[in-house]
Amino acid sequence: MTTHLTSPTAPGWFAGLGVGPGQPGLLPVASLDVLRGADVIYAPRSRVSQASVALAALRDLDFPAGRVQEVEFLMDGDDDRIGGHYAALAEQIAGQQRQGLNVAYLTIGDAMTYSTLGYLVSALRRAAPDLPRRVLPGVTSYAAAAALTGFPLGEGRERVLILPCPDDLAALRADIASHDVVVLMKVGRRLPAVLDLLSDLGLLGRCALAHRLGLDGEVILPSLESLRSETLPGETLPSGPDAARLGYLSVLLIRGERPGRFA
Ligand SMILES: C[S@@+](CC[C@H](N)C(=O)[O-])C[C@H]1O[C@@H](n2cnc3c(N)ncnc32)[C@H](O)[C@@H]1O
């Protein structure tokens, strides 16, 4: 009698990749290798955008684009809703891994900096602790902005603060006073008010802004003085639709009261 042994399918891997903020070519070489070996590539897209920003960062690269599946990403809302969303996605990915498929998940900028990948990795850890998974880092939006504008992110023992823009401008004023450099992410609709604050503090010339890095409509300002010079004496800083729009997908680099050593 012959016995047939069926070998179980080896599980595939999961890899979370930071693809950089949008400029082509900022994907680490190791991540490109991983991407080329993936059977399924998840590209998160926000409900309000037409296309995945993460996918735009991969343009011009040679990888199996036919394997991309866009998924809606969820950042805001109550914890139960977010938890449920990523638990369901983790179950789906774990199922694919058990079928032997290799799965990549793209995130803009760095993989673990203010990224939904953190939720997904936790959900995968709970859903499938036995399955292989890893995360490869990427270039953050603020690292790219600093490089493009020649803005040092801390010299010597300077204190650098990275935070999402608060609604409370008094809190932001205190943060600027207690740090040498402040990196402001998720500025959004608060930009006009932040510009007013920076103008009051006399810091506009020491700040840089990068909007939609590497994407259509990109704006890079190594100084914000130009925003002031466009306003008439006695007028407040731009607060119309343009200034409001400029805040979205933007990172603001602020140098506080103390000038840099070589400024
Ligand atoms: C959800 S966080 C993602 C951060 C990202 N993981 C990183 O490492 O920069 C979104 C924020 O990142 C910044 N950001 C991401 N992509 C950007 C881009 N292409 N241009 C300017 N800012 C960007 C903005 O501050 C935006 O509000």
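**Figure 1. Overview of the predicted chain.** The chain holds nine helices and ten strands. The model is predicted. Of its 263 residues, 38% count as buried.

**Figure 2. The largest nonpolar core.** This core has 35 residues. Leu17, Val19, Ala90, Ala104, Leu106, Leu120 and Leu124 touch the most other members. Two or more core residues come from each of these elements: β1 (14–18), α1 (29–36), β2 (40–45), α2 (53–56), α3 (79–98), β4 (103–107), α4 (117–127) and β5 (133–136). Helix α4 gives the largest share, six residues. In soluble globular proteins, nonpolar side chains tend to be buried together.

**Figure 3. Leu106 and its contacts.** Leu106 is among the residues that touch the most other members of the largest core. With neighbours within four places in sequence left aside, Leu106 is in contact with Leu17, Val19, Ile41, Tyr42, Ala43, Pro44, Ala54 and Leu55.

**Figure 4. A second core.** A separate core holds 31 residues. Cys165, Val183, Leu195 and Cys207 are included in this second core.

**Figure 5. The buried residues of helix α4.** Leu117, Tyr119, Leu120, Val121, Ala123 and Leu124 are buried in α4. Their cover includes β1, α3, β4 and β5.

**Figure 6. Leu117 in helix α4.** Leu117 sits in α4. Leu117 counts as buried because 22 C-beta neighbours lie inside 10 Å, and the cut-off for burial is 20 or more. Not counting residues up to four places away in sequence, Leu117 touches Gly16, Tyr105, Thr107, Ala111, Met112 and Val135. Leu17 is 100 residues from Leu117 along the chain, yet their C-alpha atoms are separated by 8.8 Å.

**Figure 7. The shell around the ligand.** Here 22 residues surround the ligand. The closest are Gly109, Thr140, Ser141, Met185 and Leu213. Strands β8 (207–211) and β10 (250–255) are the elements that give two or more residues to this shell. By class, the shell has nine nonpolar, ten polar and three charged residues. Domain 1 (14–139) and domain 2 (142–255) both contribute to the shell, so the ligand lies between them.

**Figure 8. Asp60, a loop residue with positive phi.** Asp60 lies in the loop between α2 and β3 (68–72). Its phi is positive, about 75°, although Asp60 is not a glycine. Asp60 counts as exposed because it has 6 C-beta neighbours inside 10 Å, and the cut-off for exposure is 12 or fewer.

Figure 9. Tyr114 lies in the loop between β4 and α4. Phi of Tyr114 is near 40°, a positive value in a residue other than glycine. Tyr114 is partly exposed, with 17 other C-beta atoms within 10 Å.

Terms used: Residues numbered from 1 in each chain as written. Predicted model: local features only at pLDDT ≥ 70, side-chain atom pairs only at ≥ 80, totals over all residues. Core = buried A, V, L, I, M, F, W, Y, C linked by C-beta atoms within 7 Å. Helix = DSSP H or I, 4+ residues; strand = E, 2+ residues; numbered from the N terminus. Contact = placed C-beta atoms within 7 Å. Near = placed C-beta within 6 Å. Nonpolar A, V, L, I, M, F, W, Y, C, P; charged D, E, K, R; others polar. Domains from an automatic or database assignment.
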